Amino acid sequence: MICTVIQKRSYEEILRILDDPYVEMAEIRLDLCQLSDEEIEDIFSNSDTPLIATCRAEKLGETEAERRLTIAIRSGARYADLELEASAGFSKRFRSLCHECGTEIIRSYHDFKGTPDPKMLQLIVARCYRYGADIAKIVTNYTEPRDATDIIALYDQVLDGDVPIDASRLVAFTMGDKGRDTRLECLRKGAPFTYAALSQEDCTAAGQWDFESLHKAVYGNFKGFWRNSLEMPASKSFAQRAIIAAALAEGRSRLRKYSPCEDSESALSVARALGATVRKEGSTIVIDGIGAGARTHLEELCTGESGLLTRLCIPLMAVLNDGPVTVTGEKTLLQRPLKGVADIMAAFGVPIRSDRVPIRVEGPLIPGNAEISGKDGSQLISGLLAALPLCDRPSTVYVDEPKSIPYMFITCDVLSKFGIKISSEMEGDEKMIEEQDWSGCTEVTFKVKGGQHYRAADFDIEADWSSAANFLVAGAVFGKAEVSGLDTSSLQADISIADILVQAGAVVSEMDDLVCVSKAPLEPFETDLNNAPDIFPIVSVLAAFCSGDSVIAGLGRLRGKESDRAAAIVDMLHGLGVTCRVEDDSLIVSGEALTSRLLNGRMLRGGHFTSRHDHRMAMALRIAALGASSPVVIDDSECVAKSFPGFFELFDAQSFTETASPE
């Protein structure tokens, strides 16, 4: 990435510069800009641009330099730069404050006379890390060709104990006209960023690039991804649950902010088949439900291609229908195994003799207490939670090895809007208790009262975090994306994309219902997607642009999706030229920064790819295509209609004004 150095600028000028979406990151020279304490605080607390706070002690004195840096760090500086020559006391206080505030530390070394020998350079780098550096910055003066060679060779060196230098944690180049190329070469070697002056007039050292020239050298004709005012469709997870609940309710329900997709339209068809009356009023769905005590008389019920809808309907049919009924579907659903259905339904007295649709369901569903496995997912459990309240006696459901836990609680949340009461308790390890991390949950207990009735409800359907994840990753890797209408306190499991992006180093900000993500130096990450399998494809694309090995757990949950999504992701990455491997339940992806890929000619490979008729794979492939050296041709892009029919049209829309200069 390119870090724009801002010096000798007023507060108003700095704000204008940082407002340019093409300014990827910036160094604010607090020793060279005349800023009040309030202005420093405002700049570092309100900017979405990753900022480096720098204040050289030789300009203002150590006391004043520390004071200004302290304000910037406490206000949210992403990085803070301190020279190795700082006093021990200053250095100790600086490190402590950065750790307290989550600011990454840059320890910098400058030699304006020459370049130390290779052994001394290694010792200097080691000293930077020993004194707390997250990133070591080594800048020396070019006096002869070996200076540039020795500086760049640092990226291939090892420190004490044969530990390789992490290129993504080193910024090293030479000053001087003949050292100019090293400022670009460091990016090629994997440096997280390099520095550029605002303009040619702002260059303060020989060999320094201006922003426009460096941007052209790094990015050439590469356009990136810059989008704002993106609105996501309704969450089909919420919509399908709400539609079925409204169909069961007594009275008229209004579900606002509905957007059609194949799975949600299938839910409307099921609602009509159950006997509900459905009509659309713009983006509002009006449903007159069948009411308490109603029975259905179906011989067959088609659930389209939706695995969730199928699993919701199997337990409900065992309660509602007055005889055997065959639940069937279409397209990829016909080949997808419905793991665990027979065992779970048997626990409530319903024999199921097939693990694929069509499935014959013969009730009644017998309420009671049962321990069931959640290792195959949450969808059938959601169906039980919807059906058991209609039985005449209470039930207790003990879910062992729960997966996709948030979706169970989405079900409870939606049902509660229709007057259904379900209590729950979670048990887990220390991670769950201390960090409120659902991946540490080992058991969930649901207590369901019998004899309940669904009541009509009016509410807004939440926008879809699964769809938003694609655009947010595109912004994090290739530029910037602003998505509106998302509930930032949602129960949707895929809201975890925000945490993953933060862990990877992207800039993520939330204000009301607006989520903004912009690129920053990306780092490898570790995450567990057992509870959020739908974002696995796009998270694997994110990992391909993070410098190092990222570990994504939860691969086993993907076998029974619209495709064998685990195999599809591995094939996709290999086809794109990304190194990855499978270890147990995890996918390890070896990534490389976008700038390094551009400069080394290692962009992703284009070609013909199959989505395997899987909407999540098609979307992930389209995002990956942004970083490919040739077109990525997807065999079936129409499959996105399952969840997001307008995905490609929204993706191709233009937003931010294109420019390549912050001045």
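Q: Does C261 count as buried or exposed, and at what relative accessibility?
A: Start with the cut-offs: buried means under 20% relative accessible area, exposed means over 50%, and partly exposed lies in between (1.4 Å probe, protein chains only). C261 has 3% relative accessibility, so C261 counts as buried.

Q: What should I know about the model before reading on?
A: This is a predicted model: local features need pLDDT of at least 70, side-chain atom pairs count only at pLDDT 80 or more, and totals for chains, interfaces and linings use all residues. Residues are numbered from 1 along each chain as its sequence is written, and side-chain values use heavy atoms, with hydrogens and water left out.

Q: How many disulfides does the structure hold?
A: A disulfide is a covalent bond between the sulfur atoms of two cysteines. The test here is a pair of cysteine sulfur atoms within 2.5 Å. The structure holds 0. For C261, the nearest cysteine sulfur belongs to C639, 13 Å away. C412 is in no disulfide either; its nearest cysteine sulfur, that of C441, is 13 Å away. C412 is also buried, because its relative accessibility is 12%.

Q: How do strands β28 and β29 run relative to each other, parallel or antiparallel?
A: Strands (E, at least two residues) and helices (H or I, at least four) are DSSP runs, numbered from the N terminus. Two strands pair if DSSP finds at least two bridges between them. Here β28 (residues 579–583) and β29 (residues 586–591) run antiparallel, joined by 5 bridges. C580 stands opposite V589 in β29. The hairpin has 2 residues between the strands, and D584 takes a positive phi near 55°.

Q: What is the strand order in the open sheet of 3 strands?
A: The order is β15-β16-β17, with mixed pairing. β15 (300–302) and β17 (359–361) are the edge strands, each pairing on one side only. Between β16 (residues 325–328) and β17 there are 3 bridges, and these strands run antiparallel. V327 stands opposite I359 in β17.

Q: Which strands does helix α12 lie across, and at what angle does it run to β17?
A: Axes are lines fitted to C-alpha atoms, for helices over the stretch in contact; angles run from 0 to 180 degrees between N-to-C directions. Contact means heavy atoms within 4.5 Å. Helix α12 (residues 307–320) lies across β15, β16 and β17, running at about 30° to β17.

Q: Where is N141, and what does it touch?
A: N141 is in strand β6 (residues 135–141). Leaving out residues up to four places away in sequence, N141 touches several residues, including D111, F112, D147 and M175. N141 counts as buried because its relative accessibility is 19%.

Q: How many salt bridges does the count give?
A: The rule asks for a side-chain nitrogen of Lys or Arg within 4 Å of a carboxyl oxygen of Asp or Glu. The count comes to 36. One of them joins D147 and R146, with the closest N and O atoms 3.7 Å apart. D147 is buried at 0%, whereas R146 is partly exposed at 34%.

Q: Which parts of the chain does the D614 and R565 pair link?
A: D614 forms a salt bridge with R565, the closest N and O atoms being 2.8 Å apart. The pair links distant parts of the chain, 49 residues apart: D614 lies in the loop between β30 (607–609) and α22 (615–624), and R565 in helix α20 (residues 565–576). D614 is buried at 0% relative accessible area, and R565 counts as buried at 0%.

Q: Which residues are linked in a network of salt bridges?
A: D37, E64, R67 and R68 form such a network.
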